[in-house]
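This briefing is intended to be read alongside the sequence and the three-dimensional structure. Please keep both in view while working through the points that follow.

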Amino acid sequence: MHRKILITVFAFLFITACSKETAEVDNYDPARDYFTFANTGAFVTEHLALNLDVDFEAEELRGFAILSMRRLDPDATEIVLDTRDLAIASAAVLTTAGSEPAEYRFGEPHKTLGTPLFVTLPPGTNEQFDLVLEYKTSPESTALQWLPPELTAGGKHPMVFSQSQAVHARSWVPLQDTPALRITYEATVRTPESLLAVMSANNDPLTPRTGEYHFDMPQPIPSYLLAIAVGNFYFAPLGKETGIYTEPELLDASVYEFADTQAMLELAEEKFGPYDWGRYDLLVLPPSFPFGGMENPRLSFITPSLLAGDRSLVSVIAHELAHSWSGNLVTNATWRDGWLNEGMTSYLESRLMEVIYNVKRVDEERVLMYRELLLDLETVPETMQALAPRLDDTTSEDFQGGIHYSKGQLFLEFLENAFGRETFDAFLESYFQEFAFGTITTERFLDYLEVNLLSQEGAPVSREQVEQWTYNPGLPDNAIIPESENLNIAADLAKSWSDGETALVEISVADWSPQATIHFINSLSAELSHEKLAELDAGWNLSDTQNAEIGRAWFIQVATRRHLGAYEPLEAHLNRYGRGRLIAPVYRALAENGEDLELAREMFERARDAYHPITVGWIASGLEEQD
Ligand code: BES
Ligand code: ZN
C-alpha cells in the first residue's frame, strides 16, 4: 500500500505531488506556465464572444466561441488552443474579406492538461482576426456539474454551474487557458425559460427571466475567472453594490449569514484602493460546490456550508472579496506563483475580519490555520514546501493546499510586523495600483518589494530573508507564531477532560466560538476510550452539528480513532457536503486508519454521483493510489 502517496494527495488536498520526474530540471523556467498548450508567444486572445445554448437534457453547452486574436509572431500560422472533452464542429477565420474556413485537428490528450487543438490560419489572415469555433461540451466536462433537481435546494429545477480554476475553463470553452493572459468577454446564453443564467460579468439584478441572457465583462480577466451558472436563482440585495443570488429556499438564510458583505466591500476599498469591478454579488450554490468559495469577478460562487446560522464562517466571504484585489486585479502569472493569489488574499482576509469583527476572533482563525500548516509540513515533500516551488506538468495543476495560503499569510504578516502596519499598507496599495490588470511572478514581486521596502535605509529585512520564505522548505525562524488565549484554554480543557480531571458539564461550551470547539476536538488526547468519545458526542451534539467546520474536525477524529458509534453520521456528513475541504480529509482518515480503506471506497461509491467532477477526481485519485 502506497501510504505516502495517499498522504500527500490528501495533505495538499489538491496536489498529486509526484515531483519524481522533474526531467528537465535544468531547463526549468519559473515564468513559464506549464499548464497550457497555448502558443501565447505567437498569438494572444484579447476578447471572447460566447453564444451558447444550455441543454439540460443532453447535459451540454452548445454554440460558438469567437476569439478575437492578435498575431505577435508574423511567421506563425498555427494556433494552439487548450481544450478538454470538447467537440468542434467547425472553425473559421473572420477577416475584413469575410469568413474563411480554417483547418483544425486535435493533438494527443494529456491527463492534466487536456487536449491541444491546432488551428491553421488561412493564407492572408490579418494580424488581428476573429477565430470562430462552433463547438459543444461533453457531459464529462470537468468544470461543469449538471445537477438533477434532487441535488438542488428546491428539488424542482435542474442546475448547472462551472468551476474553471485552475485548468478547467478549457473543458467548457476552447481557449488559451493560462492566467498569463487577460481577455474581456461578452456572452449570449439561452436557457430553459424559467431559469436564470448568471456569469462572472455584469449581472443585472432586474433582468427579466426570458430564457435569453446577455453579458458583458469589460474588465480584462484571466481565463480561470470565466464562470457561468444556470438555475432557479433569485436575487436579494444586501447593500448598495452587493447582493445574493441563490435558490429561493436559501435566500433568507443567505441574506442573514452574509449581511456584512457591503461593510466588507467598503472597508476593503478604504484599505486596498478602489474596487474596480462594479457590483459585488454572491451566488450561493448547492452543497456539491467543490470549494468554500470561488472569486469569480463581480459574482463570487459560495458553498452553502457557510450557512451556520451564526455568521461564524464568513471569513470565506472576506477571502473571496479580497481576491478582487489579490488575484483578480493582480494575477499570479502561473500556478507556481499561486501564493501571490492565495497567501496575499488570506492575509487581506484577516485584515478585513479584524475590523469587521475583532482581533480575538481572527487570532483564533490564525491558530487553526497554523495548526493545519504544521500538519501539511509533516506530510508534504520538502520540494513542494517553498512558497514558489518547482511546478510543472508532472505535478498537478490544482496546486494550492495549505502552503500557499498559510505560509503565504505568515510571510506577509512577518513583513507587516517588520515594517509596521502603516508602511506595509501603503506598500500594498501601491502594489495593487502598479500591477492592476496585470500578472505577477514571485520574482517580480520580490524585486518590487526590494525597490520599495527592502532597500530603504535601515530596512529591518533583507532580500536573503525574504528568499528563504519563497524558496526554502519549512517555516523560517522569524515567522510570527499565532496565539489565542481562548484556544489555549480550549486545548487545556481538552487535555484535562481527556484525563478525567474535568467533567464535560463543567465546560461552558455554549459560550465558545465554533473555532474554540474545533480546537478542543483537535486537541483531544491520542488515547481516548469510545465511551469518552460517545459522551462528548452526546454532550455537545457533535454528530448533528449544523456547523460544517465542527463536523469536519469531529469526523476526522471519528475516522482516525475508528469510533464506529459515529460512522453512520460520518457517512451522512460525506453525503451532505461535496466541498473538498470538508470531506477529503475524512476519506483520508478512514483510508489510513488501517482498517477502513474498503469502507471508504464503498462510501465514496455511494456518494460520488452527487459530487462535482473536480471533487470526484480528488477523492478517487486518493483512494485508488492506495494499492
Ligand atoms: N481561488 C480559491 C479556490 C481555488 C484555488 C480553486 C485553487 C482552484 C484552485 C478560493 O479563493 C479559495 O481559496 N477558497 C477557499 C476558501 C478560503 C477561505 C481558504 C476554500 O474553498 O476553502
Ligand atoms: Zn482564495
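This is a predicted model: local features need pLDDT of at least 70, side-chain atom pairs count only at pLDDT 80 or more; totals for chains, interfaces and linings use all residues.

In which loop is Ala 166 found? Ala 166 is found in the loop between strand S10 (159-162) and strand S11 (183-190).

**Surroundings of ligand 1**

- Ligand 1 is surrounded by 16 residues, and the closest are Gln 165, Gly 292, Glu 295, Glu 320 and Tyr 405.
- Glu 295 has an N or O atom in its side chain that is 2.6 Å from a nitrogen atom of ligand 1.
- Glu 320 likewise has a side-chain N or O atom, in this case 2.8 Å from an oxygen atom of ligand 1.
- Arg 579 places a polar side-chain atom 3.2 Å from an oxygen atom of ligand 1.
- On its own, ligand 1 has 520 Å² of accessible area, of which the protein covers 90%.
- Two or more residues of the shell come from each of strand S18 (293-294), helix H4 (315-322) and helix H5 (338-356).
- Helix H4 gives the most to the shell around ligand 1, with three residues.
- By residue class, the shell around ligand 1 holds seven polar, five charged and four nonpolar residues.

**The cis peptide bond**

- The peptide bond from Gln 165 to Ala 166 is cis, and its omega is near 0°.
- Gln 165 is also one of the residues closest to ligand 1.

**The three-stranded sheet**

- Strands S3, S7 and S6 form an open sheet in the order S3-S7-S6, with antiparallel pairing.
- S3 and strand S6 (103-106) are the edge strands, and each of them pairs on one side only.
- Neighbouring strands of this sheet are turned by 20° against each other on average, with direction ignored.
- S3 and strand S7 (residues 115-120) pair in the antiparallel sense over six bridges.
- Within this pairing, the bridge partner of Glu 78 in S7 is Thr 120, and that of Leu 81 is Leu 117.
- Is strand S3 (residues 78-83) largely enclosed or left open by the rest of the structure? Five of its six residues are buried, so S3 is largely enclosed by the rest of the structure.

**The four-stranded sheet**

- Strands S9, S10, S14 and S12 form an open sheet in the order S9-S10-S14-S12, and the pairing is antiparallel.
- Strand S9 (144-147) and strand S12 (196-199) stand at the edges; each has a single partner strand, so one side of each is left without a neighbour in the sheet.
- The twist in this sheet averages 15° from one strand to the next.
- Four bridges join S12 and strand S14 (residues 228-231) in the antiparallel sense.
- Met 199 stands opposite Ile 228 in S14.

**His 612**

- His 612 lies in the loop between helix H17 (597-607) and helix H18 (613-624).
- Is His 612 buried or exposed? Its relative accessibility is 0%, so His 612 counts as buried, the cut-off for that class being under 20%.
- A polar atom of the His 612 side chain lies 2.9 Å from the backbone oxygen of Ala 143.
- The side chain of His 612 also reaches the backbone nitrogen of Ile 614, at 3.0 Å.

**Residues with positive phi**

- Glu 59 has a positive phi of about 55° although it is not a glycine.
- The position of Glu 59 is in the loop between strand S1 (43-55) and strand S2 (60-71).
- With a relative accessible area of 32%, Glu 59 is partly exposed.
- Arg 311, which is not a glycine either, has a positive phi of about 60°.
- Arg 311 lies in the loop between strand S19 (299-302) and H4, the helix that gives the most to the shell around ligand 1.
- Arg 311 has 21% relative accessibility and therefore counts as partly exposed, since a residue is classed as buried under 20%.

Conventions:
Residues are numbered from 1 along each chain as its sequence is written. Chains are lettered from A and ligands numbered from 1 in the order in which they are written. Side-chain values use heavy atoms; hydrogens and water are left out. Buried means under 20% relative accessible area, exposed over 50%, partly exposed in between (1.4 Å probe, protein chains only). Two strands pair if DSSP finds at least two bridges between them. A residue is near a molecule or strand if one of its heavy atoms lies within 4 Å of it. A polar contact is a pair of N or O atoms within 3.5 Å; within protein, one must be able to donate a hydrogen and the other to accept it, and residues adjacent in sequence count only if both atoms are side-chain atoms. Accessible areas come from the Shrake-Rupley method with a 1.4 Å probe; for residues, only the protein chains shown count as cover. Ala, Val, Leu, Ile, Met, Phe, Trp, Tyr, Cys and Pro count as nonpolar, Asp, Glu, Lys and Arg as charged, and the others, Gly among them, as polar. Axes are lines fitted to C-alpha atoms, for helices over the stretch in contact, and angles run from 0 to 180 degrees between N-to-C directions.
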